Amino acid sequence: MARSNEVNLNECKMVVPLNTWVLISNFKLAYNLLRRPDGTFNRHLAEFLDRKVPANANPVDGVFSFDVLIDRGTSLLSRIYRPTTAEEPQPNIAELEKPVTAAVVPVIIFFHGGSFAHSSANSAIYDTLCRRLVRLCKAVVVSVNYRRAPENRYPCAYDDGWTALKWVNSRPWLQSQKDSKVHIYLAGDSSGGNIAHHVALRAIESGIDILGSILLNPMFGGQERTESEKRLDGKYFVTLRDRDWYWRAYLPEGEDRDHPACNPFGPNGRSLEGIKFPKSLVVVAGLDLIQDWQLAYVEGLKKAGQEVKLLYMEQATIGFYLLPNNHHFHTVMDEISKFVSSDC
Amino acid sequence: MVLYDSATLGGSCSGSSSSSSSSKPPPLQQRQQTQQDIDGLLAGAGYRVRSSELRKVAQRLERLETAMVNSPADLSQLASDTIHYNPSDLASWVDSLLSEFTQPPTCPSEFIMDPETNQTVVSDAWTTAEPHMPQVHQNISYQQQSLNNQLTVDNQLTVVTAMEEDSGIRLVHMLMTCAECVQRGDFSLATSCLEDMQGLLTRVNTVCGIGKVAGHFIDALSRRIFQGIGGGSINGGSAYENEILYHHFYEACPYLKFAHFTANQAILEAFDGHDCVHVVDFNLMHGLQWPALIQALALRPGGPPLLRLTGIGPPSPDGRDSLREIGLRLAELARSVNVRFAFRGVAASRLEDVKPWMLQVNPKESVAVNSIMQLHRLLGSDLNRNSPIETVLSWIRSLNPKIMTVVEQEANHNQPGFLDRFTEALHYYSTMFDSLEACTVQPNKALAEIYIQREIANVVSCEGSARVERHEPLSKWRTRLSGAGFRPLHLGSNAYKQASMLLTLFSAEGYSVEENDGCLTLGWHSRPLIAASAWQAVSDGPADFPA
């Protein structure tokens, strides 16, 4: 057992820079301490260990942020990130919700990752990522602090995403000058990618226009054990066992992984043929053990005639987009920027 | 050949040939030196790791993983019983976990035999030269500084808002305009702003949200404009009144309970194994903090110590000796739980009037100094060379306390510019008022609001020695206390967990405890409002220079 671990550790050391390895290994080990075999979660320790940053209405590198309580009933907070403009390098505190001035301003609703159980909108890694997205896409980013498993199972995260979508869509100050509409994109990594898909699904009959979805290493799965899961189990920071734990924590009790939340194009899934669904940018890391499910998702969209672009990053592991120290990061950021600006 | 003593070795890198023999290393310079070595990307993720130590930390992580895999029983204990400290200091965190394992294994992959020399060398299995990396390093070097700053941002302004109606937003606008006029000295324009705002107030919902807190800020601005900055009657409230308001603030929301609870926990741990202990409380009030500590000491394994409590408070007018009365009550409680107890009251109108000899600290006893929202009152600088804070910190240090617990408002209300202070206060107190809404018990809430209102009035309408509410954020206190010869004692996951549990017992949803580099903060949603920290005096002597 120790021998194969040795091999595993050596393999993932080869493909990521040292500081990335330290960061992701730290998460991996900390998360091991938090998941209990009986399915409960050590939430206090999780919150203690999570590195958080407060919002900052004073701009840093051209981005300022503030938190808004979107729904008092569920204590749903979102962190809004806005770019400063040439005309207003220092925003007036009374005008945090000042109308956007450009002809077209993309508004990206971002769902952080964490396998439905970890992290928050104010986690340092996600605060950093959202700030990058603002600068990259000249967008407003709304990072949703959705309720997490196992305390809050399906469909709480989707409900919170839906609440956030309605809130964003109804903010006059987020409307682009060109057409007085809010130009909305959904984005998320890991469980956040899964949430983005399901919020887009829920939006279908609502009349709310979503211009595109960006799914970074989205979390999908199924009952079957796929080839990539067997081949990559335990090799690059992630094990099948932990994936199973998180699905058991999120899905309704008694449900298996073919539940449509987990497997949207599986036996219990819904066909998207003929449906007006937003175009998708799906990023898959070649060393992510759940890639077969992510690729199946892309296939599912294609078969239904939906517009989807796949970015397959062969040598990338999970979390590659957290630190800007590898070429996958820069490639993906470029694509995201093009994806979001193509509507201008 | 110039000889550098150990004080300057770590500090200066300019190559100038001065051989200063300072008696203690300049802390700021050293910190800047180490900061430049911190991995900027990990700093952006909230972790402080020196680039030069990355490899070592990685190896330890590897060892930890192997240990966790090899002994799952230890793992579950690690998960439930171990106390974690300061997760930002990744190296220490990993080491502390490693030390929990009974037999830390050596990871075979670490060492390989060098065939040439037949010696074991540490394997260098990490990629050292990715072709693109030098370029990327160049690109991120300018980011490094700002990422470093992210770990300790000095100029932070955190806003948590709910959806406001238009009139609420207009009110904020006008408040800012008025404050700006005041800063410029344009009092006639400020006065007309005031009138407009009074008018708008009648049309805004003053029961909650910005409407409620705006009223207090308008009052404070009025006071400043019409009565001048001497403080007027707001500070003239009697000590008795203040105590009542304080008590209601204590009941209405969890901030003081959190402060007391967290400080007591740390004091209890510091007193472990000591039989003669002495707590110095910088602001006794009703002694609300102490029954819990007395009871905890009564129950500690091995039996309670002899506890002395010295309570500092304002002198009572009218012949009462309120300090002594409280002392008697506490003594009664101590007696009922068999804790040997002695109380001493020190009456002083200002903390800076207290002299250490008044505390009668016995060299054989272990001392805890407890300051709940008192240190900031010492930050007003007078014309003398020594500001009160330096004097007081210096004599605290001379007592060589086992622990000093410090709780302060997590706000930047001591900035020199009036508008900056005003802005910060507007957001801080809006958030605090919002959090009070969670408390529905009257009259606690109404009187608690008056307590807070007095703070607002002091921050906004006073200057000079009258302005005592000079709150500063944790980052500033860290610098100040480190510079004064104290080192932090980290509050761990056990304190965090108990504080969180206390919150769910007493308060509504919305309050959150956060860990911040060894300290704990309590706030409303994502905005910390109160910060608790613990400190110990660094002992003197050349052997204690950091290497």
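Trainee: Which residue in S5(A) does Ile109(A) stand opposite?
Mentor: Ile109(A) stands opposite Leu186(A). This is a predicted model, in which local features need pLDDT of at least 70 and side-chain atom pairs count only at pLDDT 80 or more, while totals for chains, interfaces and linings use all residues. Residues are numbered from 1 along each chain as its sequence is written, chains are lettered from A and ligands numbered from 1 in the order in which they are written, and side-chain values use heavy atoms, with hydrogens and water left out.

Trainee: How many bridges join S3(A) to S5(A)?
Mentor: Six bridges join S5(A) to strand S3 (residues 106-111) of chain A, and the two run parallel. Strands (E, at least two residues) and helices (H or I, at least four) are DSSP runs numbered from the N terminus, and two strands pair if DSSP finds at least two bridges between them.

Trainee: And what of S6(A)?
Mentor: S5(A) also pairs with strand S6 (residues 210-216) of chain A, in the parallel sense over six bridges. There, Tyr185(A) has Gly212(A) as its bridge partner.

Trainee: Why is S5(A) largely enclosed?
Mentor: Seven of the seven residues of S5(A) (residues 183-189) are buried, so the rest of the structure largely encloses this strand. Buried means under 20% relative accessible area, with a 1.4 Å probe and protein chains only. Both faces are covered: one side includes His183(A), the other Ile184(A).

Trainee: Turning to H4(A), how many of its residues are buried?
Mentor: Twelve of the 14 are buried, so H4(A) too is largely enclosed by the rest of the structure. Among them are Tyr126(A), Arg131(A) and Cys137(A).

Trainee: What follows H4(A)?
Mentor: Lys138(A) follows, with a positive phi near 50°.

Terms used. Buried means under 20% relative accessible area, exposed over 50%, partly exposed in between (1.4 Å probe, protein chains only).
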